[in-house]
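Welcome, and thanks for taking a look at this structure. Please keep the sequence and the 3D view open side by side while you read the notes below.

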Amino acid sequence: MPTTVVDNIGTLITNDPGLGEGLLGIVSDAAVVFEGDRIVAIESAGNADADERIDAGGRCVLPGFVDSHTHMVFAGDRASEFVARMAGADYEAGGIRVTTAATREASDDELRSLTSARLTESARAGITTTEIKSGYGLTVDEEARTLRIAGEFTEETTFLGAHVVPADYADRPDDYVKLVTGDMLGAAAPYARWIDVFCEEGAFDADQSRAVLEAGLAAGLGVRVHANQLRPGPGVQLAVDVGAASADHCTYLTGADVEALAGSSTVCTFLPAADFSTRQPYPDARRVIEAGATVAIATNCNPGSSYTTSMSFCIALAVRDMHMTIDEAVAAGTIGGATALRRTDIGRITPEAKADLVMLEAPSHHHLVYRPGVPLVARTIRAGIEV
Ligand code: NIG
């Protein structure tokens, strides 16, 4: 198989402290060799032979971003809700029903092409792995359909039939939970790796959420939870209790929540662009990191609370407003996301990892925050192929 070397890298972020300096395992003046879709060696600049050579010209190279929380399969637009929020309105879970109506109306081809356009945008922004949730179908057939379409783009698919109670079940939410944990799960499971629930006032309470997650576990799915987004609540502790890979949002955390996360393998996934777009306060990331929990950052790309595909923007928010260091935030958007997906083959530039690399039009990763809003991703290589 032909080999390629990315040579003359000014700052290489490996995410392996054994290979270089600090949390990010930074190697200066480096080269990365890959063969097919796998990395085979990290060398010093100018020292590696390969069939093809890409000259990084002293730029920064880091692992492709891992976006561990998105809702990318949807139709319709909710810009008017965003405009109302910027004028003082609150974010409400009920907006999900608006997108559900538009998504049900869209054909398979329309949904495919909308999803593909969003993923092209995110690849240009350096994202090489994307988790995609359902949750805008909310019937047996529509949840299976949207997951099937998501599965055409990623192996990281998540069944989120318990996103909100649809209008036709509004006065009998427990019947909807029975549907989600029964026929809907049966139809969705063949297309899903994960199950998720929106555990929040206005969506699903602790008992309903536990029933959904336990049914998913019994069907062989891994577990993730939308937790503590709009107010303090039981989501984080439930996530830890059922052994979820990730508790996502974590905007409102009590001391007990932080302690529970720190004593568990559940990743605390922050979604700062959602806090930005819904005018929520930003969570205190320092408290979580200092307690010893593993953290991730994801875009949460969706039409209601966070319509962005920019991990760089999320990293900048996490540094500016959540007081993470730049190194912590870059780790959270790469290896943190990988851990939230329980993956060890992505989010790092190490021998045997997937050849997912991003080259910045900048000498260091600091520029991701120092130059906010500037599209600094010069090249994205996914599984050894430039995208
Ligand atoms: O993660 N909070 C629940 N789900 C999404 C928002 C969905 C929507 O408003 O359409 C989120 O923020």
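Phe 270 is buried, because its relative accessible area is 0% and buried means under 20% relative accessible area, with exposed meaning over 50% and partly exposed in between (1.4 Å probe, protein chains only). Phe 270 is found in strand β13, residues 267-270; strands (E, at least two residues) and helices (H or I, at least four) are DSSP runs numbered from the N terminus. Between the C-alpha atoms of Phe 270 and Met 322 there are 9.7 Å in space, and the two are 52 residues apart in sequence.

This is a predicted model, in which local features need pLDDT of at least 70 and side-chain atom pairs count only at pLDDT 80 or more, while totals for chains, interfaces and linings use all residues. Residues are numbered from 1 along each chain as its sequence is written, and side-chain values use heavy atoms, with hydrogens and water left out.

**The ligand and its surroundings**

- How many residues surround the ligand? There are 15, and the closest are Arg 78, Tyr 91, Tyr 136, Gln 229 and Ser 305; a residue is near a molecule if one of its heavy atoms lies within 4 Å of it.
- By class, this shell holds 10 polar, 4 nonpolar and 1 charged residues. Here Ala, Val, Leu, Ile, Met, Phe, Trp, Tyr, Cys and Pro count as nonpolar, Asp, Glu, Lys and Arg as charged, and the others, Gly among them, as polar.
- Tyr 136 places a polar side-chain atom 2.6 Å from an oxygen atom of the ligand. For a polar contact, a pair of N or O atoms must be within 3.5 Å; within protein, one must be able to donate a hydrogen and the other to accept it, and residues adjacent in sequence count only if both atoms are side-chain atoms.
- Gln 229 has a polar side-chain atom 2.7 Å from a nitrogen atom of the ligand.
- In the side chain of His 69, an N or O atom is 3.4 Å from an oxygen atom of the ligand.
- Of the 330 Å² of accessible area that the ligand has on its own, the protein covers 100%. Accessible areas come from the Shrake-Rupley method with a 1.4 Å probe, and for residues only the protein chains shown count as cover.
- The largest cavity is the space taken by the ligand. On a 1 Å grid over the protein atoms alone, a cavity is a set of points where a 1.4 Å probe fits but cannot get out, and a molecule sits in one if more than half of its atoms lie within 2 Å of its grid points.

**Buried side chains that reach the backbone**

- Arg 224 lies in strand β11, residues 222-227. Is Arg 224 buried or exposed? At 0% relative accessibility, Arg 224 counts as buried, and its side chain reaches the backbone oxygen of Ala 340 at 2.9 Å.
- Thr 14 sits in the loop between β1 and β2 (26-35) and is buried, with a relative accessible area of 0%.
- The side chain of Thr 14 reaches two backbone atoms: the oxygen of Gly 25 at 2.7 Å and the nitrogen of Asp 16 at 3.0 Å.

**Positive phi angles**

- Asn 8 counts as partly exposed, at 31% relative accessibility.
- Leu 138 is not a glycine either, and has a positive phi of about 60°. Leu 138 belongs to the loop between β8 (132-133) and α4 (140-151) and is buried, with a relative accessible area of 2%.

**Partly exposed helix residues**

- Val 240 is in helix α7, residues 235-241, and is partly exposed at a relative accessible area of 21%.
- Ser 116 is in helix α3, residues 108-124, and counts as partly exposed at 30% relative accessibility. The C-alpha atoms of Ser 116 and Ile 96 are separated by 21 Å, and the two are 20 residues apart along the chain.
- Ala 256 lies in helix α8, residues 255-262, and is partly exposed, with a relative accessible area of 42%. Ala 256 and Gln 237 are 19 residues apart along the chain, and 8.3 Å separates their C-alpha atoms.

Note on methods:
1 Å grid on protein atoms, 1.4 Å probe; cavity = no way out; pocket = protein on both sides within 12 Å on 5 of 7 lines; lining within 4 Å.
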